[in-house]
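Hello,

Here is the structure I promised to pass on. Please open it first, then read the notes below.

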Amino acid sequence: MSHHTISVRGLGFVYPDGTRALEGVSFEVGHGEAIAVVGANGAGKSTLLLHLNGLLSPSEGSIDIGGVPVTKGTLPEIRRTVGMVFQDPDDQLFMPTVAEDVGFGPMNLGLPPEGVEARVAEALARVEAAHLRERPPYHLSGGEKRAVAIATVLAMEPNILVMDEPSSGLDPKARRRVIGLLASFAHTRILATHDLDLAAELCERTIVMSGGRVAADGPTAEIFADDVLLEAGGLERPLGMQGCPVCRTK
Amino acid sequence: MSTVAAGLSTLDRLDRLARRDTVVHRVDPRAKVVTTFVFILCVVSFDRYEVLALLPFVLFPVVLASEGGIPFGFLGRILLVVSPFALLVGAFNPWFDREVVAQFGGLELSGGWVSYASIVLRFLLTTAAALVLTATTSFNGVCLALEKLRVPDVFVTQLLLLYRYIFVLGEETLRLSQARRLRSFGGRGMGLRVYTQMLGQLLLRTVARAQRIYLAMKCRGFDGQVRMAKRLHFGAADLVFVLGWSAAFALFRIVDVPQWLGRLVTGVAG
Ligand SMILES: Nc1ncnc2c1ncn2[C@@H]1O[C@H](COP(=O)(O)OP(=O)(O)OP(=O)(O)O)[C@@H](O)[C@H]1O
Ligand SMILES: [Mg+2]
């Protein structure tokens, strides 16, 4: 798995209660690419991401990660390759202290204690959360939780990062830090987000989801300039691309 | 439902106390777990009419709590909250066992009352010891010790997850009851019907949440076993801790210390 690519073909998914969440979703992601997945609430973004490391298995279609099909047999390998940051960090943090939480993945990879410790220290330093090590995760602020949740994934040293709403619930400064952090990664990245400014800043390419289908897939700048398309996807131009509301210039 | 908040904050306080650094905290978790186990064994193995001979055992939780910086008020409050349980368990003894075992002047003391007192005392002693153990070792530390003492993984993992689940359940309960309080005016919407619906909601929500947490764990290679990183070091001091306390417990168990002291005092006086 030397190439960190993703290939999704004809993906369809129906939840057990009969809700059809995805239909005929296909796209390819190249090595090192950063892609934004945008769309209205309920468009199927989270459902799509959960397929990328096999937490949900397709009702139709198939997924390859780095040329390896996602099947029951390849799951351990897939999950080492694809690191997933959840929409709600509270779902991701479950150990009594931050350090133990970040160390949970590396422990399961079977690393020796020194190796685990090195990964924990490095991942926490990376997200500037080293001072939180001994704190219980459920007592951190939203921004701190997010940083630690990202660290738990970084500690696994994945090749591909998948993030659901990395900037939701963050104050402007914390959001800046997360954007800076994400920009510094060379990983193949897929970000589901409502924060179109973040998408515009971090991703060269954007996929617009609507009603479980891919409504558009192309260069971010072009997509965000297409008002008809954005309207159809229940979206608005990012503020950075709107004219100034005071002086009415572009 | 504010009892939920109180319960959570108690657990939380236990966790915070456990993160201190005192002589007691530094004792190897295994040493503390084993010693507490011996303590409990000795306490429960007494004859059912024994009360006075149990008193010296108070020393263990008291010494550990004071050396470990655990406030007595905090321990006392928890004991007070859980004691109705013990009071209920033994409540029928005085009823069934009316044989007189002692007389003080005109007052007759039946065996039932004595064994009742014994049950309550034992309950308080063992609970206090378990609390002090957790407050100086952390719940995690206790689990870690159990794992290293070769208690089966399944059991330890269950305990750890159960502990985590208590917080999930508690937090969901708080959120739910807060949401209701915000929208019920003048006591409306606080009735039993809403209450039962809320219980159903609570169950579904915690299950959904537990499922998401489980997914997150699977993402990070969880295979049914929680591995803990900490290395433990069992030193000479830890051995002294275990042996010293165990010897004391054995002494308290075999020799009736209060009676012996009493005889010593009257002997000297006479
Ligand atoms: N566990 C579930 N069971 C049944 N239906 C679900 C479940 N989770 C999501 N859905 C449905 O699937 C559809 C897609 O949901 P999804 O969570 O993927 O949307 P999303 O694009 O991530 O939305 P948001 O922006 O609000 O996070 C929605 O119609 C939703 O109601
Ligand atoms: Mg979502």
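Helices are DSSP runs of H or I with at least four residues, and strands are runs of E with at least two, numbered from the N terminus. This is a predicted model, in which local features need pLDDT of at least 70, side-chain atom pairs count only at pLDDT 80 or more, and totals for chains, interfaces and linings use all residues. Residues are numbered from 1 along each chain as its sequence is written, chains are lettered from A and ligands numbered from 1 in the order in which they are written, and side-chain values use heavy atoms, without hydrogens or water.

**The ligand**

Start with ligand 1. It is surrounded by 15 residues (a residue is near if one of its heavy atoms lies within 4 Å). The closest are N41(A), K45(A), S46(A), T47(A) and H194(A). Helix α1 of chain A, residues 45-52, gives the most to this shell: three residues. By class, the shell has four nonpolar, eight polar and three charged residues. Here Ala, Val, Leu, Ile, Met, Phe, Trp, Tyr, Cys and Pro count as nonpolar, Asp, Glu, Lys and Arg as charged, and the others, Gly among them, as polar.

An N or O atom of N41(A) lies 2.8 Å from an oxygen atom of ligand 1. For Q87(A), an N or O atom of the side chain is 3.3 Å from a ligand oxygen. Y15(A) has a side-chain N or O atom 3.4 Å from a nitrogen atom of the ligand. On its own, ligand 1 has 640 Å² of accessible area (Shrake-Rupley method, 1.4 Å probe), and the protein covers 64% of that.

**The interface**

Now turn to chains A and B. Their contact (heavy atoms within 4.5 Å) takes 28 residues from chain A and 25 residues from chain B. About 2500 Å² is buried between them (accessible area, 1.4 Å probe, that two parts lose on being put together, summed over both). Carbon and sulfur atoms give 56% of it. D91(A), F94(A) and Y138(A) supply 25% of the area that chain A buries against chain B, more than any other three residues.

On the side of chain A that touches chain B, α4(A) provides the largest share, seven residues. That side has 14 nonpolar, six polar and eight charged residues.

Best wishes

Terms used
Polar contact = N/O pair within 3.5 Å; in protein donor to acceptor, adjacent residues only side chain to side chain.
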